[in-house]
Amino acid sequence: MELNKYNNVYFVGAGGIGMAALVRYFMSLGKKVAGYDRTPTPLTEALIAEGADIVFHDDVTQIPTAMRNPEDTLVVYTPAVPAENNIMSFFTSGDFTVMKRAAVLGLITRNSKAICFAGTHGKTTTSTMCAHILQTSGIGCNAFLGGVARNYGSNLLLSATSPWSVIEADEYDRSFHHLRPYIAVITSTDPDHLDIYGTEEAYLESFAHFTELIKPGGALIIHEGLKLQPRVNSQVRTYTYSRESGDFHAENIRRSEGSIVFDIVGPGMRVSDITPCEPIDINIDNAIAAAAAAWLTGDVSPHAVRTAVDTFKGAERRFHFHLKETEGLRRAIIDDYAHHPDELRASIASVKALYPQRQLTVAFQPHLYSRTRDFAAQFAEALSLADSVILLDIYPAREKPIEGVTSKIIFDKITTPKKILITKNDLVSKIKSCNFDILLTVGAGDINMYLPQIVKNATEL
């Protein structure tokens, strides 16, 4: 299919982070871009400032006149948009070309050498770090990322000369099956999106099919210890990685409060004395995965890997320090996007490893009724690792309420004595009064929108 024949592109669900990369991509080609999303966010504000025409009312009359011509308009949607959406219904009932976001991304990157990062968690940071390695090395890439890279202020990187694309491969609704990786990285396969897959077996099968899509001559890099049984082509090389062992692994890990130093070792490579600017344990695994993928391009030096990892600022909402300790302020505020129990557990463990003698307060906003229902006990177990817990109401995102499912089914199972259940509107005042030591705000909803006031209050005390 030829995408270039369309002068207009309309996005239904334009504010999603994956959609935003495509919004920026089509604007970079000089296309007229418009779209709809449910609520304004800093990301949609940025897209509007860059030239996109985005509205926030599900009103067909707000579709621009130019976008009503089926012959000259491509419609891109995200599966998270509900079926009863009026704007979506307008396009699907007409003679428009309507495509899922992942299908469009697959077409855009089909003729490139795609490095695709998949996994329940870790894919945003590892893909963004790999893109930064390629940029730092001078090779460059076209990167479609699931988070805003803080080094670049965008989730889209473009190169007119690089043969490489870096893609966050989303397993939701089997979207990553539209991709054709040359190098695929699988970071984790802990069950998620059970509203789509139903069972862990179906979830793992989806990843197994993803490995079948790797192009002959390419490579699979998979974290050690996963239940997944890959089904790669006989002409695809397979490598393992982990912090402790595997074809790519870390050596000489040295920790002190506030810093981590380590080496990365792999087939034909050794990168010594890496010092990530975000010094958390999970970034050791992330750096190994990103470096392995970049190394297998054949064009990256150990020096480029070290320089890139040392200067990598991370992706927005991925273990982002909003307040760091100074000589006069002995407290820290960290925000993380973790929304799966294993991500939450890893995030809390990373903070406790970084500040082993300090008191950790975790403010968590569950994401989706279905995920809360499916993993309530696991969420509670992870939160029980904190010294105190502030639990918010569920952020519904694309879902309607499920009877009997509230944050209380997590709250009741938390064993930490210092715990409280509040609405998000009470978050700022509660944190202001709790005199926290180290604060971790977590969740994939809108908890981060309250951070500016939380930080302001913390620095005024």
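**Sheets, a covered helix and ring contacts**

Strand S2 (residues 32–36) and strand S3 run parallel, joined by three bridges; pairing here takes at least two DSSP bridges between two strands, while the elements themselves are DSSP runs numbered from the N terminus, with helices (H or I) of at least four residues and strands (E) of at least two. Within S3, Val 55 is the bridge partner of Tyr 36. This is a predicted model, so to speak of local features a pLDDT of at least 70 is needed and side-chain atom pairs count only at pLDDT 80 or more, whereas totals for chains, interfaces and linings use all residues. Residues are numbered from 1 along each chain as its sequence is written, and side-chain values rest on heavy atoms, with hydrogens and water left out.

S2 and S3 belong to an open sheet of five strands, ordered S3-S2-S1-S4-S5 with parallel pairing. At its edges are strand S3 (53–55) and S5, each pairing on one side only. From one strand to the next the twist averages 20 degrees (axes are lines fitted to C-alpha atoms, for helices over the stretch in contact, and angles between N-to-C directions run from 0 to 180 degrees). Helix H4 packs on this sheet, touching S4 and S5, and its direction makes about 90 degrees with that of S5; contact means heavy atoms within 4.5 Å.

H4 (residues 101–109) is mostly covered, with eight of its nine residues buried. Buried stands for under 20% relative accessible area, exposed for over 50%, and partly exposed for what falls in between (1.4 Å probe, protein chains only). Among the buried residues of H4 are Arg 101, Leu 105 and Ile 108. Their cover includes helix H1 (17–28), strand S4 (73–77), strand S5 (97–100), strand S7 (142–149) and strand S9 (164–168).

S7 and S9 turn up again in another open sheet, where seven strands follow the order S8-S7-S9-S6-S10-S11-S12 with mixed pairing. Strand S8 (154–157) and strand S12 (237–241) each have a single partner strand, so one side of each has no neighbour in the sheet. Neighbouring strands are turned by 15 degrees against each other on average, direction ignored. S10 (residues 183–186) and S11 (residues 219–223) pair in the parallel sense over four bridges, and Val 185 sits opposite Ile 221 in S11. Helix H7 (residues 200–212) packs on the sheet, touching strand S6 (113–118), S10 and S11, with its direction at about 160 degrees to that of S10.

Helix H5 (residues 123–137) contains Thr 124, which is buried at a relative accessible area of 5%. Leaving aside residues up to four places away in sequence, Thr 124 touches Gly 146, Gly 147, Glu 168, Ala 315 and Arg 318.

On to the rings: the structure holds 13 aromatic pairs. Rings of Phe, Tyr and Trp (its six-membered ring) pair if their centres lie within 6.5 Å, with planes under 30 degrees apart counted as stacked, over 60 as edge-to-face and the rest as tilted. Phe 90 and Phe 91 are edge-to-face, at 5.3 Å centre to centre and 75 degrees between the planes. Phe 90 is partly exposed at 23% relative accessible area, but Phe 91 is buried at 0%.
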